[in-house]
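Dear colleague,

I am passing on to you a structure that I have been reading through. Please open it first, and keep it beside you while you read my notes.

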Amino acid sequence: MSNFLVQLQLLLAALSALLPLLPDALRARAGEVLGVVGKALSLGGALSTGVGELAQKLAGIRAEIEAMAAARHAVTADELDAAMARVSAASAAFRKALQTAEAEVK
Amino acid sequence: MRHPIRALALACVLTLTPACAALHLSAPDPIAAARTDDQRAYAIIESYGALVETATVIVRDPSVPIEAKRAIGRAEAAATPSVQTLEIVFSAYLRARAAYAAASGGDDTTLTRAFNALNAASQALSQAIDRAQAPVAELQTIINAQRGGVR
């Protein structure tokens, strides 16, 4: 997927290089369109980046749970503590990142 | 710009292209793989950790609109207390289970008391799992919407 995006972005860059060849009247409009396309591609690429990452994490957790179920494993206090430590760390990082994002808007 | 609608349509198509390409018909569901309530609770907590890690990546992304980040923030603020409550109830269940195991060599009164306590803790765990699932699913839905539709 990222290769596809890079190819599209390279195509846009190549098209941008041809802008000076266009008549003045068209050049500004073509530049605006290419600018919008570039921003859209950038946003779409950013949004799709984490999809595979989250799916991979969930697949890993599912495999762990399947193994637990197959072995009739009873969850231990240590396993619960480790899982909650992950949640607490992730939640703290998330809230800090949200604060930073809000501060950048202001 | 003389054709803003066309430019907007093109922008939408290009924005959705990578997201659609990344679309999976079904994302792995760890909770469905669990066979017991303790495994189910553990799966919810672990999945929630992964969700919040992904939510952090989204919130750090400067190209994501602040409104979307705030929506994720509201969902996280609603879900985290439910998961924390689940942890408290889960810990109580683990203690009751350990007490029951310890009481199995004792007299009938001790064993009955430990059995009743384990039953109550088990019911509380089941209820906490039910209560945690909706807000966690809500957060996952919002993240999926931001990430292009993985469900």
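The notes below begin with how to read the model and then go through what was found.

This is a predicted model, in which local features need pLDDT of at least 70 and side-chain atom pairs count only at pLDDT 80 or more, while totals for chains, interfaces and linings use all residues. Residues are numbered from 1 along each chain as its sequence is written, and chains are lettered from A and ligands numbered from 1 in the order in which they are written.

Chain B contains five helices and zero strands, where helices (H or I, at least four residues) and strands (E, at least two) are DSSP runs numbered from the N terminus. Of the 151 residues in chain B, 42% are buried; a residue is called buried if 20 or more other C-beta atoms, placed from the backbone, lie within 10 Å of its own, exposed if 12 or fewer, and partly exposed in between.

How do the two chains' helices α3(A) and α4(B) cross? The axes (lines fitted to C-alpha atoms over the stretch in contact, with angles from 0 to 180 degrees between N-to-C directions) of helix α3 (residues 77-105) of chain A and helix α4 (residues 66-103) of chain B come within 10 Å and cross at roughly 160 degrees. α3(A) is therefore roughly antiparallel to α4(B), a term for angles over 145 degrees, with those under 35 roughly parallel, 65 to 115 roughly perpendicular and the rest oblique.

Finally, two loop residues deserve a look. A:R72, in the loop between α2 and α3 of chain A, has a positive phi of about 50 degrees although it is not a glycine, and A:R72 counts as exposed because it has 9 C-beta neighbours inside 10 Å. B:P65 lies in the loop between α3 and α4 of chain B, and B:P65 is exposed too, with 11 other C-beta atoms within 10 Å. B:P65 and B:Q146 are 81 residues apart in sequence, yet 10.0 Å apart in space, C-alpha to C-alpha.
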